[in-house]
Amino acid sequence: MNNIILGTLTSFRALLVFPLLCLYVLVFLPPAEADSGKLVITGSSTMAPLLLEIGKRFEATHPDIRIDVQAGGSSRGIADTIRGLADIGMASRTLTPEENHLHGTVVAHDGIGIILHVSNPLQELTNKQIRSIYSGETTNWQQVGGRDGPITVVNKAQGRSTLELFLQYFKLSNRDIHAHVVIGDNEQGIKTIAGNPNAIGYVSIGTAQYDASHGLPIRLLPLQQIPASLDTVRTGVFPLSRPLTLVTKSSPKGLTKSFIEFAQSSKVHDLILQQYFIPF
Amino acid sequence: MLSPSNTIGETGATLMVWTAVTLIATPFLWLSGDLLWYGWHQLSINFVVSVPQNAGREGGIGPILVSTGLIMTVCMAVAMPIGLGTALFLSEYTQNDQVSGRLIRGSLDVLAGVPSIVFGLFGNAFFCQLLGLGFSILSGGLTLACMVLPILIRTVEESFRAIAQDQRLSAAALGISQRATIQHILLPAAIPGVLVGCILGLGRAMAETAALIFTSGYVDRMPTSLMDSGRALSIHIYDLAMNVAGGNSNAYTTALVLIGLLLIINLSASWITKKWTTLNQLPS
Amino acid sequence: MILSSNNISSHSKTDLHVLWSLQVFAVVAGSLLVLVIGFILRESWPALSRLGLTRLFTDPGWFPTEHSYQLTPIIGGTMLAACGSILLAAPLGILSALFCHFYAPPLLGKWYRHMIELLAGIPSVVFGFWGLVVLVPLVASWHPPGPSLLAGILILTLMILPTIMLITHSSIAQVPSAYIHSATALGLSRWAVIWHIVLPVSRIGMLTGVFLGLARALGETMAILMVCGNVVQLPSHLFDPIRTLTANIALEMAYALGHHRSVLFMSGLVLMGLVLCFVSVAEALRHKANHAIAK
């Protein structure tokens with residue numbers, strides 16, 4: 001009876017060797033060139049969708065090359081680049097003095113905007129009001145001239161450059177912030193606010209405009225009476241803007257170099273504009 | 001089997017038990033109903049084979065299924081020989097009270113209790129960074145292999161121990177070498193146990209998310225080699241639910257696919273066990 | 001197995017080769033735990049040696065980018081979520097095991113058990129997803145903001161309940177039926193039999209289940225990451241968001257560098273210690289229970 005079940009699995013050796021063989025075949029069958037033709041790009045969730053599109057266009061002209069993009073925050077991009085886990089890091093801010101040993105290339109510009117749910121009737125908030133909402137002094141929309149409803153404060157997680165710039169601009173410290181939800185990626189923030197009519201948050205203007213134009217119920221607020229839009233960021237009037245930077249460990253060479261040059265060239269301007277960023 | 005009497009305490013207890021059962025059954029039915037209701041209408045061959053588009057909001061899960069399959073293959077290809085070898089060693093060469101056997105068994109028991117996120121930390125430090133595998137299907141599969149080894153070894157060892165001692169003694173009396181005994185007597189007899197162990201391990205690996213976030217990565221494209229980063233089904237659900245506004249409907253369908261696969265895995269494990277017990281009861 | 005070196009009819013060396021290769025496999029499997037612990041220790045060593053354990057409790061808060069690493073609110077959140085879910089899941093699990101044995105019509109009892117087994121097989125990310133889509137808005141409509149300790153406790157309850165229920169179920173099944181039959185013959189009511197006979201006899205099994213459930217609740221990552229809001233604070237009530245040790249690792253591991261990364265590994269070590277404590281208590285209890293039954 002046993003032999004019937006055993007059937008094809010003929011011997012002890014086959015049972016042991018077969019899986020190992022499978023593994024080796026899987027590891028070594030794809031030739032090593034697949035590795036040399038691969039770029040790993042990690043970091044800022046603001047930049048990830050843009051780089052994904054640029055990567056696709058780059059691949060179309062370079063058929064042997066594969067470009068993998070993973071989000072996770074600007075600090076991750078820089079950390080991965082330093083550790084060698086990524087070839088290129090994405091950072092949606094300027095490099096700090098401590099990061100001067102890295103090589104940064106600006107590919108586009110973006111701003112940070114305050115977003116609300118579309119059903120929130122509030123048209124404007126002053127910087128002071130925003131500060132008091134984020135430090136937990138204002139807890140109801142009525143206190144800032146809105147409808148009655150408790151405010152849900154959505155804050156960014158540490159290691160996100162959006163958080164750093166936001167704090168810097170509003171002269172807040174992370175310790176003062178009284179948040180109800182801590183989010184990672186921009187999209188997570190937009191999803192949280194789209195699902196909660198009383199929430200307030202701040203995300204990349206590019207991402208917010210892209211999602212709003214694709215039918216999500218969110219709305220950007222003007223900052224100091226300057227509307228958050230492509231135009232105000234382009235002309236530099238919008239107060240909260242930042243460069244989108246590609247980071248490499250040393251000055252780029254070979255494939256990395258040709259990719260970064262491609263990302264800076266006018267061949268990708270339409271892609272940058274599609275994502276609501278300003279080309280370099 | 002016990003007849004209820006009609007005191008107040010008795011009625012209260014009965015009421016309590018039925019309330020508890022309703023409290024548990026409701027969310028379960030709600031959850032499964034939700035998954036079926038929102039996930040089913042999108043489920044099609046096309047969804048299963050096509051490429052995710054627009055960050056997963058549209059399109060299907062083709063490359064994600066391939067990545068999941070590759071991660072599972074790596075995991076089982078590594079875990080199976082080690083698990084089988086260790087189980088054979090434990091059941092055939094160590095007594096219960098022997099130090100080496102107790103040490104290995106004890107350490108495997110402890111390993112079984114380690115939370116999966118800790119395996120993720122380990123995999124990230126060891127496979128991704130020290131061995132330089134980076135975020136890849138290989139790192140993810142190896143990390144999962146470490147995680148499923150304890151459950152695999154325990155099931156396989158039990159199935160070896162269940163083989164009657166007579167068979168080993170008769171083999172030894174006939175002067176058959178141990179290698180031949182293992183190959184022709186023990187392994188054939190334990191095949192179902194080995195299969196069940198592998199299937200259970202596979203099920204645990206497939207349900208895992210936390211150990212994969214930092215080892216196999218997020219890339220949702222068709223992998224071309226084991227060194228590519230690949231997104232597993234569970235991570236796809238996580239990403240759609242957390243990071244993609246408007247990704248819920250695809251997340252529902254993906255969850256349905258994942259649960260369907262797990263159900264098949266678990267059912268086949270219990271089917272094999274059942275089949276084997278009835279087979280063994282027949283005179284051979 | 002009888003070694004064939006003692007066997008006069010076989011002098012082949014293949015047996016030694018087999019033994020040797022099996023030993024290699026066994027050593028690999030056995031040393032895995034050492035490797036895992038060793039690696040996590042190695043990675044957390046910079047923090048352990050430079051910062052020390054006390055800084056995890058005396059720093060002004062959890063601000064890793066400002067090099068301040070206080071874990072108290074995170075450990076507190078973890079414990080609150082785990083204990084809260086045990087408080088709910090233990091009675092529910094035990095009651096449903098009783099249901100299967102004493103209250104349900106046979107067919108319904110069998111179906112109910114299958115349902116619980118299915119519940120045990122649902123991956124945690126699916127629980128998290130459902131919690132995020134259904135439970136969190138529900139909690140928010142009751143008391144904003146929604147992602148909260150309560151949502152975490154409810155989801156964890158669903159996840160650990162099968163563990164408790166299935167272990168209790170099998171330990172109740174081991175209660176000698178003679179006990180129950182004689183008690184019934186003496187005219188004791190159903191609940192009296194349960195309260196005075198079944199529960200005391202199977203209490204060790206139940207405790208085992210509770211401790212295993214607690215260990216699972218502590219180590220759970222994805223579901224809790226998705227429904228708890230992830231704000232680092234000691235909650236003042238059930239509707240406050242919290243962050244657990246596991247969620248903290250999952251959220252910050254990606255970009256952590258230097259001491260921050262090291263502290264995260266250290267928190268992994270703390271977590272592993274906590275979980276292993278509960279698992280070993282459960283194992284000891286199981287051992288005791290087996291012993292008692294063997295007698």
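**Domains, confidence and packing**

Reply: The centres of domain 1 of chain A and domain 2 of chain A, taken over C-alpha atoms, are 26 Å apart. This is a predicted model; local features need pLDDT of at least 70, side-chain atom pairs count only at pLDDT 80 or more, and totals for chains, interfaces and linings use all residues. Residues are numbered from 1 along each chain as its sequence is written, while chains are lettered from A and ligands numbered from 1 in the order in which they are written.

Me: What makes these two domains of chain A?

Reply: The bounds come from an automatic or database domain assignment. That assignment gives 38–110 + 243–279 as domain 1 of chain A and 111–234 as domain 2.

Me: How many residues does each domain of chain A bring to the contact?

Reply: Domain 1 of chain A brings 17 residues and domain 2 of chain A brings 20. Contact here means C-beta atoms, placed from the backbone, within 7 Å.

Me: Which element gives the largest share of the domain 1 side of chain A?

Reply: α5(A) does, with 3 residues. Both α5 (74–83) and β4 (103–117) of chain A supply at least two residues of that side. Helices (H or I, at least four residues) and strands (E, at least two) are DSSP runs, numbered from the N terminus.

Me: What is the make-up of the side of domain 1 of chain A that touches domain 2?

Reply: That side has 5 nonpolar, 9 polar and 3 charged residues. Ala, Val, Leu, Ile, Met, Phe, Trp, Tyr, Cys and Pro count as nonpolar; Asp, Glu, Lys and Arg as charged; the others, Gly among them, as polar.

Me: What is the average pLDDT of chain A?

Reply: The average is 84, and 87% of the residues score at least 70. pLDDT is the predictor's confidence in each residue, from 0 to 100. Residues 1–12 of chain A fall below 50, with 17 contacts beyond near neighbours in sequence. Residues 29–35 of chain A are also below 50, with 5 such contacts.

Me: How do you know what share of chain C is buried?

Reply: A residue is buried if 20 or more other C-beta atoms lie within 10 Å of its own, exposed if 12 or fewer, and partly exposed in between, with C-beta atoms placed from the backbone. By that count, 55% of the 295 residues of chain C are buried. For chain A, the buried share is 46% of 280 residues.

Me: What radius of gyration does chain C have, against a compact globule?

Reply: Chain C has 24 Å, whereas a compact globule of 295 residues would have near 19 Å. The radius is taken over C-alpha atoms, and the globule rule is 2.2 Å times the number of residues to the power 0.38.

Notes: Contact = placed C-beta atoms within 7 Å.
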